[in-house]
Amino acid sequence: MAEAELQSTPVTRAREADIPRESLLVRFGPDRPLKLDSGIEFSPFQVAYKTYGRLNAARSNAVMICHALTGDQHVASVHPVTGKNGWWETMVGPGKPIDTERYFVICSNVVGGCMGSSGPSSIDPKTGNPFGLSFPVITIRDMVRAQAMLLDHLGIDTLFAVAGGSMGGMQVLQWAESFPERVFCALPIACATRHSAQNIAFHEVGRQAVMADPEWRGGRYLIEGTDPRRGLAVARMGAHITYLSDAALHRKFGRKFQDRSNPTFSFDADFEVESYLRYQGSSFVERFDANSYLYLTRAMDYFDIAAEHDGVLASAFKHTPTRFCVVSFTSDWLFPTSESRAIVHALNAASARVSFAEIVTDKGHDAFLLDEPELFAIIRGFLDGAARARGLQDLR
Amino acid sequence: MNMQARPQRELAAAGAARSSGQARVDLLVVSQMVEPGARVLDVGCGDGELLKILTETKNVDGRGIEISREGVNLCVAKGLAVIQGDADTDLADYPDDAFDYVILSQTLQATWQPRVVLEHMLRIGSRAIVSFPNFGHWKIRLKLLAFGRMPRTTNLPDTWYNTQNIHFCTIRDFRDLCNEVGVKIETAVALNAWGGRLRLNVPWWFWNLFGEQAVFLLSRRR
């Protein structure tokens, strides 16, 4: 990776963490602490979010989108830091499967994130410095609790739908488990009810890469004015491989050389795939906080819904009134179809109303973010059916 | 098991009826057996035609299992609650008495273990509806007798080496299985080649000879 590229730009991310651009913000004071799984009552804290579309008079058309590990609230509008389109613009927007002309879409940055919701890069009011590792460890359930508090703040009792992929899908499952009466339908996509040993192992490699960067300074880099971008970039590079399939990498890059016809017999990025990964790493560090990466990967590692029900997954969804639409992708080896099938089996055993589709694609785990017409048709059809059952009037 | 090919068998069998824009006659007979508002599981639901009929005409709470991805994705896109699964392996996951009716339409002969499937159906549901092609139909008998080859008909057009139908039976065979498993036959209907119902007050051997398809409504023996 080009050295110069990674040593520039002083840290300005603390600002985005405290005063997020292009976002709405709700602050919860000491009277409304976030009760964390770790036992801590965290307060004060804030949640940054975005909304799209209009809430109907009955307040029955709200859809909560839960973002994945490195996503944020900018689901269907231009990202204030990167200037790129929203991360799920193919899915969410006017006339899209999650149609903002019909539904009131809410997407919030998870707690522990770095785009405006309280996280390790936020300022600790007690010290005036960024939290760093003094930020409490959070879980997927904590994220969902914060989202539920946001929903209370917005005066919305029941969500028409909760949707998300990967870590977002975990939040969807947690929503259905924690607040079944508040979720009319749930769309957990490309996810699992627990993180596997392999998933945890990959995350640990990423965390170790961050912590091995001398600029990480025990998590105090924002205070000491350093920036562990190399470590974070390596973490992202490693993780990015897990989001793609072997076939997709081969189709995209094969063994092609980057801007050259012969190997240089050096450790330059000779191969296109190397160059691509380096780009993924270096662009990621421009918008993401290294400590947030540690906290959010940890939250995923701790996720295991069945564990709270004596290991019986079906008990987690017993008597659930929620309609489920579970989707997996054939080439996703990070959250393989077998994990989704386990969700479906548990929901069947709980007599839940569940649809399940596996989509054929060679795009790997990332397929849920990409242009997959079959996925769009399924989500659209499922939501249409649910909207009919819910008696949702078309807003158009 | 071949996960891809099985629905084509069903689609082939249903092809003629569908192309004319009409629902398959056996589906209509099945739907007539279902009480309004019931909880229904359709095993091998194909493209969801029966579930759609039942939802629209009987207001049932319907769920489906389908082995083919194409079928499942079509169903879910239609707003039906359908999962990808296999009658032979996935019925075991359902709890007892989860449904009022479990339907197996033109799928029994394609399962690995028809008896186990039947037992699961009447464990999961208090009633079961099974429709299947009758291998005892006179045309099939005649073809085997006259040509000495595995018969192929309009409804069963596949060659023996290419068919998903691995457990053919006759109406009599199925009735014997019901007795052996200990389930009660509530209603049985045989359809002739034109989809008409055969007369009720005829002996079984007549049905077995002239019924091209059969639909059975079963319940647990008390």
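Domain bounds, as I use the term here, come from an automatic or database domain assignment, and please keep in mind throughout that this is a predicted model. For chain A, that assignment gives domain 1, made of residues 10–195 together with 302–390, and domain 2, covering residues 200–297. The C-alpha centres of domain 1 of chain A and domain 2 of chain A lie 25 Å apart, and the contact between them draws 31 residues from domain 1 and 24 residues from domain 2. On the domain 1 side of that contact, the residues divide into 15 nonpolar, 12 polar and 4 charged.

Let me turn now to a pair of helices in chain A. Helix α5(A), residues 197–212, and helix α10(A), residues 290–302, have axes that come within 10 Å and cross at roughly 160 degrees; angles over 145 degrees count as roughly antiparallel, and the two helices are therefore roughly antiparallel to each other. The crossing of α5(A) past α10(A) is left-handed.

Finally, the contact between the chains, which takes 21 residues from chain A and 16 residues from chain B. On the chain A side, α12 (337–349), β12 (353–359) and α13 (373–390) each supply at least two residues, and α13(A) gives the most, with 8 residues. That side of chain A has 10 nonpolar, 6 polar and 5 charged residues.

Conventions
Residues are numbered from 1 along each chain as its sequence is written. Chains are lettered from A and ligands numbered from 1 in the order in which they are written. This is a predicted model: local features need pLDDT of at least 70, side-chain atom pairs count only at pLDDT 80 or more; totals for chains, interfaces and linings use all residues. Axes are lines fitted to C-alpha atoms, for helices over the stretch in contact, and angles run from 0 to 180 degrees between N-to-C directions. Helices (H or I, at least four residues) and strands (E, at least two) are DSSP runs, numbered from the N terminus. Angles under 35 degrees count as roughly parallel, over 145 as roughly antiparallel, 65 to 115 as roughly perpendicular and the rest as oblique. A crossing is left-handed if the near helix is turned anticlockwise from the far one by less than a right angle, and right-handed if clockwise. Two residues are in contact if their C-beta atoms, placed from the backbone, lie within 7 Å. Ala, Val, Leu, Ile, Met, Phe, Trp, Tyr, Cys and Pro count as nonpolar, Asp, Glu, Lys and Arg as charged, and the others, Gly among them, as polar.
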